[in-house]
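Have a look at the structure first, then read on.

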Amino acid sequence: MLPHGDKRGVKRGSGASSSQSSLPALQGAVAIYDPGTGEHSARVAHAASAVGRRLGLPDPDIEAAWWGATLHDLGKLGIPVDVLHKDSALDEAEWDQMRRHPVIGADLLLAVSPSLSPVAEAVRAHHERWDGGGYPDGLAGEAIPILGRIIAIADAFDAMTRIRPYRVGVVSPADAISELRRQSGSQFDPHLVGLFIDLHDTGLIVAESESPT
Ligand SMILES: [Fe+2]
């Protein structure tokens, strides 16, 4: 278990930057397997690194936040495509498969190099909940690695607001912010929700519909 919950940063192995040269290839593999997620992941990466910067995390941790956010759903490579792209509700067995993606993603990163453990840890933790009801490890509060807590908020905001065909299920940025507030202290770290909302209010984090292009 890595240190978390403070500003001293996350553990790094040696050779992290040379191993990071493999990460764009993994990003490309996800883009092929699950088209359309690239821009979502890029926005999540931008938002997660903005929160990390506001927290005063050291540069290597901000880089790990960026890569962890970019590759947060890397483990979907291990989910059968008919489950991943199913248009109807998933049954319990299919949900069980989907819930494996944080572990699959983290294991893939560690297989590339143990020096990627900060990125792997962030990926593994991005579906944990502040109240302990998340997965895969059921961690709660500051026991959840901080990069995972940050990515969870950035991912939820972008998942709610990203533009979809026919705009089915799209939430306005204001409603998405209200939802983050509602889930603050239950799903999400309340301190990080406050930081995220400040960054959104000042235009440093934007939803897809608020992007200039
Ligand atoms: Fe995910």
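Axes here are lines fitted to C-alpha atoms, for helices over the stretch in contact, with angles running from 0 to 180 degrees between N-to-C directions. Helices are DSSP runs (H or I, at least four residues), numbered from the N terminus. This is a predicted model, in which local features need pLDDT of at least 70, side-chain atom pairs count only at pLDDT 80 or more, and totals for chains, interfaces and linings use all residues. Residues are numbered from 1 along each chain as its sequence is written.

**Helix 4 with helix 9**
- The axes of helix 4 (residues 59-70) and helix 9 (residues 146-161) come within 10 Å and cross at roughly 50°.
- Helix 4 is therefore oblique to helix 9 (angles under 35 degrees count as roughly parallel, over 145 as roughly antiparallel, 65 to 115 as roughly perpendicular and the rest as oblique).
- Ala-64, Ala-65, Gly-68 and Ala-69 of helix 4 make the contact with Leu-147, Ile-150, Ile-151 and Ala-154 of helix 9 (C-beta atoms, placed from the backbone, within 7 Å).

**Helix 9 itself**
- Helix 9 is mostly covered, with 14 of its 16 residues buried (20 or more other C-beta atoms within 10 Å of a residue's own, all placed from the backbone).

**Helix 9 with helix 11**
- Helix 9 and helix 11 (residues 190-201) have axes that come within 10 Å and cross at roughly 50°.
- That angle makes helix 9 oblique to helix 11.
- On the helix 9 side, Arg-149, Ile-150 and Ile-153 meet Leu-192, Val-193 and Phe-196 of helix 11.

Methods:
Helix = DSSP H or I, 4+ residues; strand = E, 2+ residues; numbered from the N terminus. Contact = placed C-beta atoms within 7 Å. Buried ≥ 20, exposed ≤ 12 C-beta atoms within 10 Å, placed from the backbone.
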